[in-house]
Amino acid sequence: MKRYSKITPEGTNDLLFEECQARRYVEKTLADVFAAHGFHEVVTPGLEFYDVFNPSVSGIGQEVMYKMTDHHGRIVVMRPDSTMPIGRLTATRLQNQPRPIRLFYTQPIYRSNPGLTGRSDETVQTGIELLGAQGKRADLEVIATAVEALEKCVPDFRLELGHAGFFRAVAAQLPVSDDVREDLRRVIEAKDYAALNRILDGLENTPSVQAMRRLPRLFGGEEVFDEAASLCSDPASAKPIAYLHQLYQSLSLTGLGQRMIVDLGLVQRNDYYTNIVFSAYVQEFGDAVLLGGRYDTLLDYFGLPMPAVGFAVNVDALAKIMLRRGQIPAEPQTDILVHGDGGFEMKALRHVSNLVAQGFRCETSVFETREQAREYAVLRGMGRIDYVGDTVETKVLKD
Amino acid sequence: MKPLRIALTKGRLEKDTVALFEKIGYDCTAVSKKGRKLILPIGEHRFEVVLAKAADVITYVEHGVCDLGVVGKDTIMENGRSFYEVLDLGFGKCRFALAGPKGKDFFSGYSAKTIATKYPNVARGYFESRGMDVRVIKIEGSVELAPLLGLSDAIVDIVETGTTLKENGLEVIETICDISARLIVNAASLKLRKKEIETLVEQMEQAKEGAV
C-alpha cells in the first residue's frame, strides 16, 4: 500500500494561500530593507558537501544534518545553515571584490530534529552577512539593520546583546582542561546553576571563579555592565565588556532603550561566533526569531581569512506571528469573471488580456453556459461578470 | 499582565512544589482541591499551574506554552534540553545507577554487554562517554527482571533505596549521577519576563534553603 503517498514528512508542511502570502510578505519586507542598505542577494545550493559544514567549525552536530551520497560516493548534505556556504562562496568566488562585501539571502535550511517534538525540519531564513569589515561601525550597522528589519514586522521585539569573548577570557584564567571549559560553556548556556556550582566548587575561589559563578545571572539592563566590570578588572575580560557597553549606549540612541537586554551568559550558539552575539525575541514565540554575531575566524576555514558579522531571521516564525496578529494584507480577490459564448472563446481571452492590462484581476470561465459561469462567480464572491458574444455585456453581481 | 504559567510533574514533585509555594505564601487551594480543571490559578492569579506527565513538562516549556516547569533531572537527561535549568529544588532525590547481578564483575571479558533500561538515551550516553560498545534494549516495566531472565547483563535505572535491587540479587555497580527535581524556564520567557521570573526563582530558592 502507498502509505506515505498522501502525507508530508514530519517537520515539513504545505503552505496555502494566506500562509504563502504571509511568508512572501515577510521575505519581501526584509529583502527590501537589506537591498536598500546595499546588500546583494545570493542563492547557495540546497545540496552541499558535508565538509563545508565540518561540525568542529560550524558547531552543527552531524546528527542534525540530512545526508546522502552523490554518484561518486561523496557525502552531501541538505544545507543546514546559510552562513557556512556564504563563507565558502566569499572565499572562493569573491576574492578580488573590493571590501566590505555585503550579501543577503532568503532560503530554507534543513535540520533533522528528534521525532514528535513539533519542530520544523525545514525553516526559511533570511539574513545578511557583512564580510571584510571589522569594528564598531560594522557591528552597529548590522545590528541597526536587524532592528530596522524587525520593526517593520514585529515592532515589540526585544533585542539581546552578548559577547562570546567575555566567557572565553574568564574561562581562560581557570586552571581547568578544555573539556571542563566546554562543560562550563554548556552549563552556562543552559543557565544550569546547580551544575555550574558543582564544577566550580572543586576549584580555588579566585576572582575568575567568582565571576564564572555569576556569569549566567549577568543579564538584564545596563546595570549588568557595572556588575561585570566589578567582577573582572583584568584587561582580557574587561575589554569585551567595555566594547559591548559602548555598543549598548550607541544603540540606545535609536530608541531601543527598554527593549534591549544584555546577557553575558549568552555563550551558546554555533562555535563560529568570536565576538558580539545578538538575538531577538517576541512574546508569541518560545525561541529567538533572530540570531546573529561576529565570526572573525570562520573564513580561515575556507582559506581566505577576513572578519565578518551577520544575522539570520526565522521567516516562518515571523510569518506565523504576523498572520495571527492580522498584519498580513489579504490576498486580493478576483474582480471579474469573463465568460465567452460558444464560438467567442478567443474573443473572451483577448477581452481578459485587455482587462488585465488595465489592472483588473480576471478569471476566464471554463463553463459551457452563462448560468453555470454566473453561479461560479457568485460562489467565489466575484463582483462582476462579463459575457462575451457579439458584444460584451457587463453584469455587476455585488457592490 | 498574563499570569506566569508553570507546568508541574504530576505526583510527588507536584506535592513538594506546592508545599514550597505555600511556604512562600502563595495560595494553592486550586491545586490541592482540583476537580477536572487542567489549568489552575494560584497566588491570586499571578500564576497558573498545569499538571502534566514528566516528559510533557519539558515539551510545554520548550515550546514556550508554559514559562516554567518542575521536572526531575532523569527526565531532562533522557529527553534532551533546549531551555534554562535554573534551580536544583533539592527534593525528589535519587540517582541513576548501573546495576547487575551481585558478585559478578560487569567490566570483565571482551564480549559486548547488553543493557536493559527505561532510559535508553541516558544508558547510551553513559557508555559512549566511557567508550564502551553496548547493546541497549528498552524495557517499559520492571527493568530488574531483564538480568534475572537472562535478557541483559545489567540495567541502567533510577535507584532510590536499593531495596528492590537487593531483593532480586542485584547490586549497584556504579552510580551514573545524582538526580533531583529541577526548575526549568523557557529561554524566551526568561528574556521577556526577567523580573517576574527572577523574583519567583529567588523566592523558591529562599524557601528551599529554609527547608533544609
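Mentor: Start with one residue and its contacts. Two residues are in contact if their C-beta atoms, placed from the backbone, lie within 7 Å. Leaving aside neighbours within four places in sequence, A:Leu318 is in contact with A:Val26, A:Cys153, A:Val154, A:Val289 and A:Val313. This is a predicted model, where local features need pLDDT of at least 70 and side-chain atom pairs count only at pLDDT 80 or more, while totals for chains, interfaces and linings use all residues. Residues are numbered from 1 along each chain as its sequence is written, and chains are lettered from A and ligands numbered from 1 in the order in which they are written.

Trainee: Which residues touch the most other members of the largest nonpolar core?

Mentor: First the terms. A residue is buried if 20 or more other C-beta atoms lie within 10 Å of its own, exposed if 12 or fewer, and partly exposed in between. A nonpolar core is a set of buried Ala, Val, Leu, Ile, Met, Phe, Trp, Tyr and Cys residues joined through C-beta atoms within 7 Å. Here the largest core has 124 residues, and A:Val289 and A:Leu318 touch the most other members. A second, separate core has 19 residues, among them B:Ala99 and B:Leu170.

Trainee: Is A:Ser237 buried or exposed, and why?

Mentor: A:Ser237 counts as buried because it has 26 C-beta neighbours inside 10 Å. This serine is found in helix H10 (residues 235-252) of chain A. Helices (H or I, at least four residues) and strands (E, at least two) are DSSP runs, numbered from the N terminus. Beyond four places in sequence, A:Ser237 is in contact with A:Phe166, A:Ala169, A:Val170 and A:Cys232.

Trainee: Now the sheet. What is the strand order of the open sheet in chain B?

Mentor: Strands of a sheet pair through backbone hydrogen bonds, either parallel or antiparallel. Two strands count as paired if DSSP finds at least two bridges between them. In chain B, six strands form an open sheet in the order E2-E3-E1-E4-E11-E5, with mixed pairing. Strands E2 (39-42) and E5 (84-88) are the edges, each pairing on one side only.

Trainee: How many bridges join E4(B) to E11(B)?

Mentor: Five, between residues 68-72 and 181-185, and the two strands run antiparallel. B:Gly69 stands opposite B:Ile184, and B:Val71 opposite B:Arg182. E5(B) is also antiparallel to E11(B), through four bridges. There, B:Asp88 has B:Arg182 as its bridge partner.

Trainee: Which way do the side chains of E11(B) point?

Mentor: In a regular strand the side chains alternate between the two faces of the sheet. In E11(B), B:Ala181, B:Leu183 and B:Val185 point one way, B:Arg182 and B:Ile184 the other, and all are buried.

Trainee: Which strands does helix H1 of chain B lie across?

Mentor: Helix H1 (residues 12-24) lies across E1, E2, E3, E4 and E11 of chain B, at about 135° to E1(B). Axes are lines fitted to C-alpha atoms, for helices over the stretch in contact, and angles run from 0 to 180 degrees between N-to-C directions.

Trainee: How many residues of chain B are in contact with chain A?

Mentor: 17 residues of chain B are in contact with 17 of chain A. E5(B) gives the most to chain B's side, with five residues.
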